[in-house]
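Welcome! Have the sequence and the 3D view open side by side, and let's walk through some helix contacts and charged pairs together.

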Amino acid sequence: MSRVKAAGREKPARLKRQDWLEIGLQQLARTGPEALRVDRLCAAADKTRGSFYHHFEDHASFVAAMLDYWSQRHTERVIQEVEREADPRAKRVALNNLAASLDQWIETAVRRMAASQVEARKAVDRVDRRRIAYLTEINRQEFGVPEVEAAELAEIEYATFVGYQTLFPDAGQDRYESIGRLLDVMIRAGACAGKRHEEG
């Protein structure tokens, strides 16, 4: 947390809305949904309730904003970065690397929260659909397969990654990148096999 000098002494800088959302995600990853209670968030931030309510109408609006922030940071921002690449193959490599660099503890914590909270479940469903749709488009571009097959390959790849992430959230970025490369090989093999089947 940044600090500023005032009257010869340092004092904590005022938290911005994004700072609260970051704190929420980090606390969720460390402790679980109970950490998102206003009093616990304020304790973690070393701020008063007034600071919290300056940015959020109530607890529900904070949770909704946090889930939207997670979606933007862990999905839309990733897609924007990947779209800097023109070649579908380069897009896949960039996507694998960026996905591996995400905080996997946050990812799994949001999914655990979705198991018991409707709004989190809706947010996870939206993110899953968005990610699978984007993978589908990359598959279609790279392999030249029909939409249905591109979607099936995307579902297999995404389900495998999420499953690995759930089982091994602390595997580390290097391990996730390695798994991403193996998945890449499997998906390419699956696409080639599908093409041979259609041609045969």
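## Before we start

A crossing of two helices is called left-handed if the near helix is turned anticlockwise from the far one by less than a right angle, and right-handed if clockwise. Helices here are DSSP runs (H or I, at least four residues), numbered from the N terminus.

This is a predicted model, in which local features need pLDDT of at least 70 and side-chain atom pairs count only at pLDDT 80 or more, while totals for chains, interfaces and linings use all residues. Residues are numbered from 1 along each chain as its sequence is written, and side-chain values use heavy atoms, with hydrogens and water left out.

## Where α7 meets α8

Let's begin with helix α7 (residues 118-143) and helix α8 (residues 147-167), whose axes come within 8 Å and cross at roughly 125 degrees. That angle makes α7 oblique to α8; angles under 35 degrees count as roughly parallel, over 145 as roughly antiparallel, 65 to 115 as roughly perpendicular and the rest as oblique. The axes are lines fitted to C-alpha atoms, for helices over the stretch in contact, and the angles run from 0 to 180 degrees between N-to-C directions. The crossing of α7 past α8 is right-handed.

On the α7 side, the residues in contact (heavy atoms within 4.5 Å) include Asp128, Arg131, Leu135 and Phe143. On the α8 side, Ala150, Leu153, Glu157 and Tyr158 are among them. The residues of this contact divide into eight nonpolar, two polar and six charged. In that count, Ala, Val, Leu, Ile, Met, Phe, Trp, Tyr, Cys and Pro are nonpolar, Asp, Glu, Lys and Arg are charged, and the others, Gly among them, are polar.

## Where α4 meets α5

Next, look at helix α4 (residues 59-82) and α5, whose axes come within 9 Å and cross at roughly 145 degrees. Here too, α4 passes α5 in a right-handed crossing. Val78, Glu81 and Val82 of α4 touch Lys91, Ala94, Leu95 and Leu98 of α5. This contact has five nonpolar residues, no polar ones and two charged.

## Salt bridges

Side chains of opposite charge can pair when their charged atoms come close. How many salt bridges does the structure hold? There are 17, each one a side-chain nitrogen of Lys or Arg within 4 Å of a carboxyl oxygen of Asp or Glu.

Asp184 pairs with Arg89 at 2.6 Å, N to O. Asp184 sits in helix α9 (residues 173-199) and Arg89 in helix α5 (residues 88-101), so this pair ties together parts that are 95 residues apart in sequence. Asp184 counts as buried at 6% relative accessibility, while Arg89 is partly exposed at 31%. The cut-offs are under 20% relative accessible area for buried, over 50% for exposed and in between for partly exposed (1.4 Å probe, protein chains only).

Arg92 and Glu157 form another salt bridge, at 3.2 Å, N to O. This one links α5 with α8, across 65 residues. Arg92 is buried at 1% relative accessibility, and Glu157 is buried at 5%. A further salt bridge joins Arg131 and Glu107 at 3.0 Å, N to O.

## A positive phi

One last stop is Asp46, which has a positive phi of about 55 degrees although it is not a glycine. Asp46 lies in the loop between α2 (38-45) and α3 (49-55), and at 62% relative accessibility Asp46 counts as exposed.

Methods. Helix = DSSP H or I, 4+ residues; strand = E, 2+ residues; numbered from the N terminus.
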